[in-house]
Amino acid sequence: MLLPKDKDPMGAAIADYHRTGRASTLRVFSSQFDEDEIPVDTLFRTLADMPSIEQRALAMARGKILDVGAGSGCHALALQKMGKEVTAIDISELSVEVMQERGVEDARAIDLYDEHFMERYDTILLLMNGSGIIGNIEGMERFFRRMKLLLKPSGSIYMDSSDLKYLFEEEDGSFLIDIADEYYGLVDFQMQYKQVKGDAFDWLYIDFDTLAYYAEQYGFTAELVCQGEHYDYLARLSMA
Ligand code: SAH
């Protein structure tokens, strides 16, 4: 489902920043953390400003590329500059309008999970804790089912995530995680920009081993491409 404009705080922030060159605070709430904010200018990062794991993903992307949850289009624009062919999709119509105005040649308002969307790609990108779009552990099956339909048999998915275990680190360096609880990387978020408040949603952060386990369950193999500076990493998923 696409986001209604009055429930799309990130899209409103992206549109404001695009139009005026600045934006006010994009506030982030979660039942698990203190209130935080997303600096809106980071959503407009250029290739040089991107974390190395994102740069790696863009360098490896080839053929027909799908950028899922493309936001302001920062990755799509960088790919176009490299001469690559990219389709950018997002559930935020406000963001898609901005992408089109910024020169993303093929930007469309589409939900990854909309089954009418049926094209095949050589590369699928999910960046900026892109695993979040899986939602929660129960969402794995639905996610991999979509990937199977959208990816060419020889294609690759590049997805980044973070292992949130560092939030549970004890003073002695051990990790105290209650395995009877739900998976520790499951976070609920809600965002607000000015008066625009979005609905709460689940966003899954996942450690590499757990990702690899589920990938295998659903017919994919996962490789660890590289690690970032703080428990973050880039994974490549391909059909087994
Ligand atoms: N990739 C961008 C934006 C990351 S924020 C960047 O790195 O800057 C996550 C984006 O995913 C948001 O723009 C949100 O609207 C979009 N999104 C969330 N769920 C989606 C879905 N089911 N299908 C397509 N896009 C989605």
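## Ser156 and its surroundings

Leaving aside neighbours within four places in sequence, Ser156 is in contact (heavy atoms within 4.5 Å) with Asp122, Thr123, Ile124, Leu151, Arg236 and Leu237. The residue belongs to strand β7, residues 151-162, where helices (H or I, at least four residues) and strands (E, at least two) are DSSP runs numbered from the N terminus. Ser156 has a relative accessible area of 11% and is therefore buried; buried means under 20% relative accessible area, exposed over 50%, and partly exposed in between, with a 1.4 Å probe and protein chains only.

This is a predicted model, in which local features need pLDDT of at least 70 and side-chain atom pairs count only at pLDDT 80 or more, while totals for chains, interfaces and linings use all residues. Residues are numbered from 1 along each chain as its sequence is written, and side-chain values use heavy atoms, with hydrogens and water left out.

## The protein as a whole

The protein has six helices and 12 strands. Its radius of gyration, taken over C-alpha atoms, is 17 Å, close to the 18 Å that the globule rule gives for 240 residues, so the protein is as compact as a globular protein of that length; the rule itself is 2.2 Å times the number of residues to the power 0.38. Taken along the principal axes, the box that the C-alpha atoms fill is roughly 50 × 45 × 35 Å.

Of the 240 residues, 48% are buried, and among the contacts with a separation of 6 or more, 64% are between residues 24 or more positions apart. The mean positions of the 23 positive and 43 negative charges lie 9 Å apart, where Lys and Arg count as positive and Asp and Glu as negative, with His and the chain ends not counted. Each charge is placed at NZ of Lys, CZ of Arg, CG of Asp or CD of Glu.

## Leu26 in strand β1

Leu26 lies in strand β1, residues 26-29, and with a relative accessible area of 0% this residue is buried. Residues up to four places away in sequence aside, Leu26 touches Pro9, Met10, Ala13, Asp36, Glu37, Ile38, Val40, Leu43, Met191, Gln192 and Tyr193. Gly63, in turn, is 37 residues from Leu26 in sequence and 35 Å from it in space, C-alpha to C-alpha.

In helix α5, residues 140-150, the buried residues are Met140, Phe143, Phe144, Arg146, Met147 and Leu150. They cover an arc of only 155° around the axis, and so they are on the same side of α5; the arc is that of the directions from the helix axis to the C-beta atoms. An α-helix has 3.6 residues a turn, so residues three or four places apart point the same way.

In helix α4, residues 93-102, the residues Leu94, Ser95, Val96, Val98 and Met99 are buried. The elements that cover them include α1 (9-20), β4 (85-90) and β5 (107-109). After α4 comes Gly103, whose phi is positive, near 105°.

Asn129, in the loop between β6 (121-126) and α5, has a phi near 50°, a positive value in a residue other than glycine. Its relative accessibility is 19%, so Asn129 counts as buried.

Lys194 also has a positive phi, near 50°, and is likewise a residue other than glycine. Lys194 is found in the loop between β8 (186-193) and β9 (196-197), and at 49% relative accessibility Lys194 counts as partly exposed.
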